Amino acid sequence: MKKLIYLFTCALALTWACNDDEIEEYKTYPFSVQLVYPAGSDYSARAGVEVHLLNTVSGVAFDTVTNDAGRADFIVPAGVYELSATDVRSEGGVADIFNGVKSNITVTDTWDASTPVQLTLTVSRAGQVLVKELYIGGCQKDDGSGVFQMDKYVILYNNSGYTASIDSLAFGMIYPYNATGGDAYYDESGGLSYENAGWVPAGSGFWYFTSSVTLEPGEQVVVAINGAIDNTATYSNSVNLANDKYYCMYDIVNFPNTTYYPAPSAVIPTSHYLLSYRFASGNAWVLSTSCPAFIIFTPKETSLNIFSNNPETSDPTSGTVLTRKMLPTSWIVDGVDVFRHGAANNFKRAPAVVDAGYVDHIIGAGYSIYRNVDAAATLAIEENAGKIIYNYSFGTVDVEGSTDPSGIDAEASLKNGARIIYKDTNNSSNDFHLRSRASLKN
Amino acid sequence: MPGCTGILIFAGKFTGVRIIIIILLYIAGIASTVQGQTREISGRVLEKKDKSPVSYATVSIPAHGLWAVTGIDGQFVIKGVPTGKVEIMATCLGHVKQSVELRVARDTAGIVILMEEESLLLETIEVTAKRKQEEMATSYTIDRSALEHMQLLQLTDVVSLLPGGSTNRAVHLASGAQRVALRGASGEMGNVTFGTAVEVDGVRLSTNAAFDGSNGPDTRNISSSNIESVEVITGIPSVEHGDMTQGVVKINTRAGVSPFIIETSTKPHTKLVSVNKGASIGRRGGVLNISLEHARSISDPASPYTSYERNGLSLAYSLAWKGRGDIPFRLKAGATGNAGGYHSKSDPDAFTGTYSRERDHALRGHASFDWLPGKAWITAVEASATINYSNRRVESRSRKSGASSTVAIHGLEEGYFIATSHEEDPAAPVLYIPAGYWYELAITDSKPLNFSGNLRARWFHAIGDADHSLVAGAEYTATGNLGRGLYYDDPRLAPTWRPYRYDEVPFMHTIALHVEEGIRLSRLRVTAGLRSDIALVRGSEYGGTRSLSPRVNAKYVITRDEGFVRDMTIRVGWGKSVKLPSFSTLYPTPSYTDRLAFAPGTLDDGTTFYAYHVMPKLSARNPGLRWQYSTRQEIGIEGKAGGCTASLVFFRGVNHRSYTGVVTYTPFTYKLTDQSAVETSAIPSANRRYTVDRATGIVTVMDKSGALPPEQLAYRELNTFSSRGMPVNGSPSTRWGIEWVIDFGKIRVLNTSIRWDGSFYAYRGVEETITASMPNSTQQMSNGQPYQYVGYYAGSSTTSNGSEKRRVSSNASVVTRIPAARLVFSLRVEATLYNYSRNLSEHEGRQRGFVLDNAGDYMPSATETDIYGGNRYVGIYPLYYTSFDDMETKIPFAEKFAWARENDATLYNDLAKLVARSNYLFTFNKDRVSASLAANINVTKEIGEFASISFNATNATRNMGRVSSTWTNSESSLYNSSLVPTFYYGLSLRLKL
């Protein structure tokens, strides 16, 4: 009996001793966090933002999400903590990433749980959506009578880990339409006159989406620039752009040229039609088939309509026929400056802030301008293990073109379930190569 | 005074015809009251070297209109020669023209005129343009020897031999049309090439029946090797010449007896070979001269497949005989023609079956019959007829393809039409060409034809030292086009196009009456003439249109042919010349506005059933159009001093009412149905059949299976404009200048003569005709809708509506003749010493544009007003504007724009799109290009009697210096510059058998 009493007493004592409210080591404290967004930001607190609290001594991590007011609440034991949070806001193919980190937060008996910890977020912008492929040069006709070039397309790709909304994304091109089109914008020192002006001269017109479009990480969208039909029936080397998933540039009022813009295939819903604002002459948006400077951008603090129709935004040196708009470089999400291969008079049009390099292009051979794979980033994704296909064979080095130095066959890897991260160094010389076959022909 | 009655009768109604009739009555009155004494002269024309007779030479007294043709024995007789001093002239193919001065007091026989064959043995052989001293108006003649020395390839080359002329920049025939512009330049206002008349053996190369604009004739189809001489009249021509404003170029082809001549010529881009022979046909059968020429020019020696070919044929026949009473008669007839043109058919670089070919066939025929009646009241009569037919068929065969159906709109009537297959309805206004591959052969068939009949009579009479000469004539001309216009060989594959047959356009008939009186009183000579052109233009608003062209020339001999300063004369001239319009002005090609009205999605087989709204643009003929004309004046002085001969001409001309065009806009609204309306249809896509209501544009989709009822599709309405061009008379343009020629005579020791010629040329033209313009092809309204305003500008919707230029050109020629070596060497240095031009912006004598402080501004500068102040941005406003909703109310632009700036931002933004601004600071800067020069070397060497060889090097030093321009304050190289001719060389060989 004494033995039983002894055991009961010990158990009771042990139980009492284990109450973390009483034992210093196991005592817990409320820990509230208030996310503070940068002053002047367009964004404010929202629910669902993940907040991460890490005990830097024990390695124990606590996660929770904010409420509508941007507040997150934890119950944590005493310790030294690092508090962090990330909020990603995506719009127009660009992600505004709000990050906050606060270290060496000591939770002890003196912890004042009544005052939330203020976690100040700083914003950074990340290029989410980029031009994965630009197919402009056309292909040989079946009868050998020349080149068919009304099958241009562009593929946009969400290169980030976040969902991207591209509703407000627009398409444009920098003047001159061809890299070989002269040095009108070069100053006496041989440099681009607008290199540091904060704008580029955008020509012809702009295209914009008319419906909501979002891209999940690793997702892409095909936009037919011309000929949103099955071009392969007549031109077997061409591409079939009649696909209900595809989008197309088609504005029957501004650009009624049916050679450039045959009525899109009936399978493409009209919600996938992009419309345009035109500010220069011409019944077609004549993206160069050899050497354009192609850009995607998102208007800020104004609408594309207002910007396009405001005479004050026109480059005063451009006149009324080939009007150019002074498009702020801060709006540009991605751009690729294309040179005509072998031409001695290529002039760069994209300033370094848009594209520090260029990519050589060969016309009429079915080639496309394709983005290189960021091998390190791609291989760092654990889920890609075993899904990456190597021995890329679509380079054009044998015709003085180029190839993807990573050796990764991106398209084959994508089909194999991999998630590809493409190179995005803001320099087309590094980021693109000339692919011997348009990816839609694969 | 005879004729006074007539003047009283018609007083107050002086139409052209009536005035000429009055003058004729007046002159007839004179003729009936004045009689003079005449004599007969006779003699022989002999070869100088062996005194053998020169057969078929023409002996004439140009001032009196008398002539005779030598027989086999070289004999000639001219009757009716007035007493007094006369100049007798003998001409014969291959011989140097010979003049003899004779004082006729009685019948004179035994006159001997010695002629020399043209050869380099002669010290007087001419290799430059020579001023025609005997003419009242400024005119020049270029003989065969000069043409051979310069290795003439095309007519436009001869312009370089005129005072201040420069070498033709076109080095071959495949570079495009070659047109002549006298005392003017292409690109200037006033249609100067259109106003320069070109005649081959009296056949006018009219372009009035052309539908491609108001341009002068393309002279590439004129064979160069059979040209005997070229006469260029830059002054005030006789009233015998009409339908021109700038002057006349008269080409005389070889006619008469000549040896068998073979000529070959080579230049980097061109090879030429020709043969010529002239012979008599029996004793009384006349003389026939035949020339053949083949020339081939390639545009690129590296790819010699695209070429222009000329295959010329020339026939010239003449026959002279004496009728009853020894009245001399002469018949001249001939034809020149060409079969050739531009083509690229053999180019192996082109896709199989594709080519471009432009026929440049021409046939020019002429016949004249003249005689000397020997009556006191009529000296000479000439009746002539000409015909000029061209075949300018242009073929272009190209390969086409389409991944979807291609729309071909052929509708001529207004309405909405849906695309239909050719098999279903070949006559459908809108067809579709199925996807796939096909050839398209486009043919533009233009066959201008003009023919004329001319009757001219001359009466000459002398009274003592005075004489007068009256020439009266009538001319009928018909002009039309026998071509089919543009068409396609396969109607199933014809693209958007509408037939417009040229041969259904009525001929234009013109009747011209002219009379000219020439009076010589001692040292004074005056000619005054009047020409009336009556144009009958059926089927147009223009109907019958009459015009009057008075012209006067006077010449006074200051010093006679004696003393140090001798043969000094002064000439003055004034004249008006009328240019008839071309068919492109009279019968403008109808045009259509086609708007895409329905665009359903493309089906799997590539078929798309587009529908279009077709709107014909109504006739844009302008009943207020008047004929273009010029008024020109010139003063010339010339004479000799010691061994020098000099001439100086001041000229001024104004081209009035130049043919030009303006655009008019008509608002209209059309319906547009697109795929979004089709998407909502309940009818399965496979069963859909579309129809469009022609009047309303409403599209109905029907169920082929009949299971579902028809559905009318939703549409939207778009407001836009239909534009059309309309011919109008433009503003005047002015040209003036000075031309000089100084021959310094021969340096006998060196057998070298030096000549300096040059010109100062000034031009000014400002177009102020009110023209409508709207930037609908470039601009939208602020709300994204099509642009809705039309601006009305003085002259042009660009900052510049005119220009001025001044140019001093100088040519120094050194010609060395070495008869003993049968060699002529010439060095010609062409220099442009002063070359100025500037854009202008003016209206009603005031500055039209305004200064902008910055390139992006829209409002005038508050501090600067002079747009010509140097380095200024310049803007212009329309005078007023109208809107889609109210095209009648003309709203003053400047005031409304200034108001909108303060009160209505949207309106301000939209109106700002009507403001034109200069893109550059230098637009209105003066452009003074520094001097440039080039040296041409020509050498001709005869090898015995039967061969000669010519070599030329153009821009022989290959000047690659640099010139500066004040316009942009920049320098540029003369290499490949239009400021100097291209460096090239040529070689030609002639054999006389």
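Two strands are taken to pair if DSSP finds at least two bridges between them, and the strands themselves (E, at least two residues), like the helices (H or I, at least four), are DSSP runs numbered from the N terminus. This is a predicted model, in which local features need pLDDT of at least 70 and side-chain atom pairs count only at pLDDT 80 or more, while totals for chains, interfaces and linings use all residues. Residues are numbered from 1 along each chain as its sequence is written, and chains are lettered from A, with ligands numbered from 1, in the order in which they are written.

**Stop 1: the whole of chain B**

Select chain B, whose secondary structure comes to seven helices and 62 strands. Its radius of gyration, taken over C-alpha atoms, is 33 Å, close to the 30 Å that the globule rule gives for 993 residues, so chain B is as compact as a globular protein of that length; the rule is 2.2 Å times the number of residues to the power 0.38. Turned along its principal axes, the C-alpha trace of chain B spans about 110 × 70 × 65 Å. Buried residues make up 44% of the 993 residues in this chain, where a residue is buried if 20 or more other C-beta atoms lie within 10 Å of its own, exposed if 12 or fewer, and partly exposed in between, with C-beta atoms placed from the backbone. Of the contacts in chain B with a separation of 6 or more, 67% are between residues 24 or more positions apart, a contact being two residues whose C-beta atoms, placed from the backbone, lie within 7 Å.

**Stop 2: an open sheet in chain B**

Next, colour the five strands β25, β36, β35, β39 and β43 of chain B, which form an open sheet in the order β25-β36-β35-β39-β43 with mixed pairing. β25 (415-418) and β43 (716-729) of chain B stand at the edges, each with a single partner strand, so one side of each is left without a neighbour in the sheet. From one strand to the next the twist averages 20 degrees; the axes behind such angles are lines fitted to C-alpha atoms, and angles run from 0 to 180 degrees between N-to-C directions.

**Stop 3: where chain B touches chain A**

Now bring in both chains at their contact, which takes 42 residues from chain B and 38 residues from chain A. On the side of chain B, the elements that give two or more residues include β27 (436-445), β35 (592-599) and β39 (659-674), as well as α5 (675-679) and α7 (905-912) of chain B. By class, this side of chain B has 16 nonpolar, 20 polar and six charged residues, with Ala, Val, Leu, Ile, Met, Phe, Trp, Tyr, Cys and Pro counted as nonpolar, Asp, Glu, Lys and Arg as charged, and the others, Gly among them, as polar.

Within β27 of chain B, select B:Thr444. With 18 C-beta neighbours inside 10 Å, B:Thr444 counts as partly exposed. Leaving aside neighbours within four places in sequence, B:Thr444 is in contact with B:Arg393, B:Val394, B:Gly485 and B:Leu486.

**Stop 4: the domains of chain A**

Move to chain A, for which the domain assignment gives domain 1 (27-126) and domain 2 (128-441); such bounds come from an automatic or database assignment. The centres of the two domains, taken over C-alpha atoms, are separated by 39 Å.

**Stop 5: strands of chain A**

Select β12 (residues 153-158) of chain A, where six of the six residues are buried. A:Tyr153, A:Ile155 and A:Tyr157 point one way from β12(A), and A:Val154, A:Leu156 and A:Asn158 the other way. β9 (residues 129-135) of chain A pairs with β12(A) in the antiparallel sense over six bridges, and A:Val131 has A:Leu156 as its bridge partner there. β12(A) also pairs with β18 (residues 220-224) of chain A, antiparallel over five bridges, and here the bridge partner of A:Tyr157 is A:Gln220.

Finally, select A:Tyr185, in the loop between β14 and β15 (199-203) of chain A. A:Tyr185 is buried, with 21 other C-beta atoms within 10 Å. Not counting residues up to four places away in sequence, A:Tyr185 touches A:Leu192, A:Ser193, A:Tyr194 and A:Pro201.
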